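Trainee: I would like to learn how to read helix packing and nonpolar cores in a model of this kind. Could we go through them one at a time, with the general idea before the particular case?

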Amino acid sequence: MTEMFYDDDADLSLIQGKKVAVIGYGSQGHAHALNLRDSGVDVRIGLAEGSSSKAKAESEGLRVLSVADAVAEADLVMILTPDQVQRTVYAESIEKNLKPGNALFFAHGFNIRFGYIEAPEGVDVAMVAPKGPGHTVRREFEAGRGVPALIAVEKDASGKARELALAYAKGLGATRAGVIETTFTEETETDLFGEQAVLCGGVSQLVQYGFETLTEAGYKPEIAYFEVLHELKLIVDLMVEGGINKQRWSVSDTAEYGDYVSGPRVIDPHVKENMKEVLADIQNGNFAKRFIDDQDNGRTEFLELRAKGEGHPIEKTGRELRQLFSWLKANDDFTEGSVA
Ligand code: NAD
Ligand code: MG
Ligand code: MG
Ligand code: MG
Ligand code: MG
């Protein structure tokens, strides 16, 4: 088993002794800033001019500065803007304000792994990546618990980068749950693979195909929605609690037998070959290049794909149906930022 780090393995005073700049106040940004502040850390927020997050951060009593000013007065800079804008924010406002002895922190290794950001000499480069959405990172902390996190050190200029990352993780509440050490390469490649092949890409496609198969066969869309989307959460909850095994224990023997005989017919060995190709494109940088090139090209492909996804008939059925679910608070307003 890999080593887990807990509260006793981290020295909070190391991060309490630093001036921390959190750049961005979105899903992760607000959680890092508020948890660190509540852990007795001196936090300021760096935001772009005219950012709509400014009022929100100030209403929590946080100091908001320009990115350049926040970096200039900080010892440790945590970059929590979207991955695709990090290289621009870094080049324009961060790089020239970093001094030897400073630390540059990330919550995902994308820009370091694929070479979009290169830190100057004398600056520690490390990662503290909570394994959960920012809103959960905040909610768990307030409840006296924490969300597990990964830490990694890319450049240890001070000789203290690892201890500092652990201290930061403790300030976030992550060492209450457990922290695992990894590398920027491992975190980036596995994170991208997980979200593409299984969590976001794989599951979404599976649900859409299931819905299409049932509705094309003449079944009611509302029934199809229940069977292939709504119940997914109940199944996944069981898997998280006790593995695939617990899911199989809880469902009927009919469902369990169907799982064994039909699962491998739907997700056949060819799917694993496809997954290997997806992983290869992550490892060789093709995915990163395609993503960033499209961002630089006005996000043409990204916006086209988003519109296509939103237009899938399962979305219309779901929106209508969720309004009728008295037990489930419909939440079709997605203004709070992303998860993966
Ligand atoms: P987000 O989209 O929720 O928030 C980004 C914030 O960045 C915005 O709210 C805004 O305040 C700020 N911003 C945007 N453009 C800016 C600019 N040009 N200059 C300055 N500030 C700008 O982002 P997020 O999902 O919290 O992701 C931040 C980082 O955390 C990414 O590296 C991501 O991979 C990583 N991460 C996110 C999650 C998650 O729960 N969303 C989980 C683990 C890791
Ligand atoms: Mg059923
Ligand atoms: Mg059973
Ligand atoms: Mg995201
Ligand atoms: Mg991710």
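Trainee: At what angle do helix α2 and helix α7 pack, and how far apart are their axes?

Mentor: Bear in mind that this is a predicted model. In general, two packed helices are described by the angle between their axes and the distance between the axes. Here helix α2, covering residues 27-38, packs against helix α7, covering residues 134-142, at an angle of about 25°, and their axes are 7 Å apart. Because angles under 35 degrees count as roughly parallel, α2 is roughly parallel to α7. The crossing of the pair is left-handed.

Trainee: Which residues of α2 and α7 make the contact?

Mentor: From α2 come Ser27, Gln28, His30, Ala31, Leu34 and Asn35, while α7 contributes Gly134, His135, Val137, Arg138 and Phe141.

Trainee: How many residues are in the largest nonpolar core, and which have the most contacts inside it?

Mentor: In soluble globular proteins, nonpolar side chains tend to be buried together. In this model the largest such core has 61 residues, and Val77, Phe105, Met127, Val128, Ile151 and Ala169 have the most contacts inside it. Helix α8, residues 161-172, gives the most to this core, with eight residues. Apart from this core lies another, of five residues, including Phe211, Ala224, Val228 and Ile314.

Trainee: Which residues does Ala169 touch, if those up to four places away in sequence are not counted?

Mentor: With that exclusion, Ala169 touches Ala10, Val128, Ala149, Ile151, Ala174, Thr175 and Val179.

Trainee: Into which domains is the chain divided?

Mentor: Domain 1 spans 4-182 and domain 2 spans 192-322, and the centres of the two, taken over C-alpha atoms, are separated by 32 Å.

Definitions and conventions:
Residues are numbered from 1 along each chain as its sequence is written. Chains are lettered from A and ligands numbered from 1 in the order in which they are written. This is a predicted model: local features need pLDDT of at least 70, side-chain atom pairs count only at pLDDT 80 or more; totals for chains, interfaces and linings use all residues. Domain bounds come from an automatic or database domain assignment. A nonpolar core is a set of buried Ala, Val, Leu, Ile, Met, Phe, Trp, Tyr and Cys residues joined through C-beta atoms within 7 Å. A residue is buried if 20 or more other C-beta atoms lie within 10 Å of its own, exposed if 12 or fewer, and partly exposed in between; C-beta atoms are placed from the backbone. Helices (H or I, at least four residues) and strands (E, at least two) are DSSP runs, numbered from the N terminus. Two residues are in contact if their C-beta atoms, placed from the backbone, lie within 7 Å. Axes are lines fitted to C-alpha atoms, for helices over the stretch in contact, and angles run from 0 to 180 degrees between N-to-C directions. Angles under 35 degrees count as roughly parallel, over 145 as roughly antiparallel, 65 to 115 as roughly perpendicular and the rest as oblique. A crossing is left-handed if the near helix is turned anticlockwise from the far one by less than a right angle, and right-handed if clockwise.
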